[in-house]
Amino acid sequence: MIGSGIKRGTAELAVLSVLQDGPLHGYELARRIEQQTDGALSFTLAALYPMLYRMEQQRWIRGTWETSANGRRRRCYRLTPAGKKKLSPLRREWAELFRALHQLTKVAHG
Amino acid sequence: MADWQELVRQRLAGLALDAAEKDDVHAELAAHLEDSYARFREEGLPEKEAIHRTLAHVADWRDLQRKIFVAKRRAHPMKKRVQQLWIPGLLTLTLSMMSLAALQKLGFQARIVWNGPTAILLYVPWLLSLPFFGALGACVSSRAGGSRRIALLASVFPVLALATAFLLMFPIGMIIEWVTGRVVDFSVVATALLMNGIGWLLVPGAALLAGGLLVNLLLSRESSSQHMAIG
C-alpha cells in the first residue's frame, strides 16, 4: 500500500495524465485512476474535489457544466494548455525520483 | 432511492461560499454520489448496501466541507483568516465585554474570592455567560470553514486580547518610569498581574473554552451521526 504523502504528490500527476486522454467528470476520473493503478490510488471526495478545485485555480484543468443525454448535469474537467505544459516536467520529475529510489534499493540490497 | 442532492445540501449546509458557488459544489458532489450509487446497483448490490458503500466515499463531512472551503478560498488566505478567526474572535470579545458592562450597569458586583495583598475578583454572572459567547465564536468560525483549532482560538479570543494587554503593562510601565522618572515597583506590578490574571484571564478563559469545546463536540457528533443516518 502506498503511503498518503506519496499519494498526494502523485495524485496531481495522475489527474493530469488521465485527463490527457479526454475530458472526464469527477466520478469517472476517480474511477479511471483507480482502475489504471489497480486500486493503488483511490480517492475519497475529500481528497478528490479540493484537489480538482486547486488545480483549476492553478489553471491546469478547466471544469465546465455539461448536460448528459439523460438530462443530468455533470461538471467535466479537461486539460488546459497550461496543464499540458505542466505534465511533461512533472512526469520527468517523478520518473527521476522513482529511478533514484530504484537505484537506492538496488544498492541497499546489492 | 436516496436524494443525493438533498443529502449533500444538508450535510454541507455550513459551507461558507456564495450561493452560486455553493450550489455548484452541491450539484457536483451529488452527481458523484449518484454515479457511484448507480454503479453499485448495476453491479447487483442491494439498495442498502449500495447506499452504504456510496457513503463510504465520505469519511467525514465536516472535513470535506473544510477542505473544499480552503481549496476554494485558497486565492484569498487573508479573507479566510478574517472569516475564520478575526470576525468570530472580535464578535466573542465584543459580546463578552458588552455583557460585562451590562451586568455592571445592572448592579451586579464582583465577588472577592481571595483577599490577600491583592484581591481576586470574580464576576460570577459574567463568567456564567461566557461559555455561551465562547460557543458562539467557535460556531461562527466553524461555519466559515475554520478547523477545530481555529474555532477554539476564536472562542478564547477575548482572553488572548486581554493577555496581550496585560503583558503590555511591563513595557508601558518601563516607558512611564523613563518618562516620569519615578521608579515603578515591578514586583507589585507582577503580583497585580498574577492576581488579575486569575480573575480576568484564567477563569474567563476556562469558561470560554468550555463553550468552544462543547460546540466542537456537538459538531463532531453531528458529523458522525449524519454519517450513520443513511444506510
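**Two chains, a few landmarks**

When I say helices and strands, I mean DSSP runs, H or I of at least four residues for helices and E of at least two for strands, numbered from the N terminus.

Some housekeeping. Residues are numbered from 1 along each chain as its sequence is written, while chains are lettered from A and ligands numbered from 1 in the order in which they are written. This is a predicted model, so local features need pLDDT of at least 70 and side-chain atom pairs count only at pLDDT 80 or more, whereas totals for chains, interfaces and linings use all residues.

Back to R59(A). Its phi is near 65°, a positive value in a residue other than glycine. Most residues other than glycine have a negative phi. R59(A) counts as exposed because it has 12 C-beta neighbours inside 10 Å. The cut-offs, with C-beta atoms placed from the backbone: 20 or more other C-beta atoms within 10 Å of a residue's own is buried, 12 or fewer is exposed, and in between is partly exposed.

D38(A) has a positive phi too, near 55°. Its place is the loop between α2 (26-36) and α3 of chain A, and with 7 C-beta neighbours inside 10 Å it counts as exposed.

Now the whole of chain A. It has four helices and three strands, in the order α-β-α-α-β-β-α from the N terminus. Of its 110 residues, 26% are buried.

Chain B, then. Here we get ten helices and two strands, and the pattern along the sequence is α-α-α-α-α-β-β-α-α-α-α-α. Buried residues come to 35% of its 231 residues.

Is W200(B) buried or exposed? It counts as buried, because it has 21 C-beta neighbours inside 10 Å. You'll find W200(B) in helix α10 (residues 186-229) of chain B. L162(B) is 38 residues from W200(B) in sequence, but their C-alpha atoms are 7.8 Å apart.

Have a look at α6(B) as well, residues 124-143. Its 20 residues should span 28 Å, and its end C-alpha atoms are 30 Å apart, which agrees; the expected span is 1.5 Å times one less than the number of residues. There's a kink of about 30° at L130(B), shortly before the proline P131(B). That bend is the angle between axes fitted to the seven residues ending there and the seven starting there.

So how do the chains meet? 19 residues of chain B are in contact with 15 residues of chain A, contact being C-beta atoms, placed from the backbone, within 7 Å. On chain B's side, α2 (19-42) and α4 each supply at least two residues. That side divides into ten nonpolar, three polar and six charged. Nonpolar covers Ala, Val, Leu, Ile, Met, Phe, Trp, Tyr, Cys and Pro, charged covers Asp, Glu, Lys and Arg, and the others, Gly among them, are polar.

One helix pair to finish. Helix α3 (residues 45-57) of chain A packs against helix α4 (residues 61-72) of chain B at about 10°, axes 8 Å apart. That makes α3(A) roughly parallel to α4(B). Under 35 degrees is roughly parallel, over 145 roughly antiparallel, 65 to 115 roughly perpendicular, and the rest oblique. Axes are lines fitted to C-alpha atoms, for helices over the stretch in contact, with angles from 0 to 180 degrees between N-to-C directions. Among the residues making the contact are Y49(A) and Y53(A) of α3(A), and L64(B) and I68(B) of α4(B).

Technical notes. Two residues are in contact if their C-beta atoms, placed from the backbone, lie within 7 Å.
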